[in-house]
Amino acid sequence: MTARPLPSATDLTRAQYDGRACVWCGKPLWRNAVSAGIARGKIGAVVLDIVVYACPLCAEGHDPQTPRR
Ligand SMILES: [Zn+2]
């Protein structure tokens with residue numbers, strides 16, 4: 001679990017909202033998805049709070065642009 005703030009649920013792509021893409025870097029998640037917490041958002045009276053997922057690198061706090069060593 002990381003302290004990195006989650007985006008608002010209203011800013012998620014459909015894939016991110018469905019848990020098929022990393023909530024931070026947007027890469028498709030095929031395996032090793034890590035629960036990233038709950039993205040919160042509201043449109044009018046509709047609550048969009050949703051559990052979102054991250055790839056292992058983002059979940060560990062790595063910058064996805066930085067090659068892993
Ligand atoms: Zn990621």
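This is a predicted model: local features need pLDDT of at least 70, side-chain atom pairs count only at pLDDT 80 or more; totals for chains, interfaces and linings use all residues.
Residues are numbered from 1 along each chain as its sequence is written, and side-chain values use heavy atoms, leaving out hydrogens and water.

Trace the chain along its sequence; the order of elements is α-β-β-β-β-α.

The accessible area is about 4,800 Å², and carbon and sulfur atoms account for 54% of it (Shrake-Rupley method, 1.4 Å probe; for residues, only the protein chains shown count as cover). Of the 69 residues, 26% are buried, meaning under 20% relative accessible area with a 1.4 Å probe, protein chains only.

Now select the zinc ion. Its protein donors (N, O and S atoms within 2.8 Å of the metal, or 3.2 Å for Na, K and Ca) are the SG atoms of Cys22, Cys25, Cys55 and Cys58, at 2.2 to 2.3 Å. Angles among the four donor atoms run from 103 to 117 degrees, and the site is tetrahedral (four donors, all angles between 85 and 135 degrees). Along the chain the donor spacing is C-x2-C-x29-C-x2-C.

Finally, select Cys22 and Cys55, which link distant parts of the chain, 33 residues apart. Cys22 is in the loop between helix 1 (14–17) and strand 1 (34–39), and Cys55 in the loop between strand 4 (50–54) and helix 2 (56–59). Both Cys22 and Cys55 are buried.

Conventions
Helices (H or I, at least four residues) and strands (E, at least two) are DSSP runs, numbered from the N terminus. Buried means under 20% relative accessible area, exposed over 50%, partly exposed in between (1.4 Å probe, protein chains only). Four donors count as tetrahedral if all angles lie between 85 and 135 degrees; four count as square planar and six as octahedral if opposite donors are over 155 degrees apart and all others between 65 and 115; anything else is irregular.
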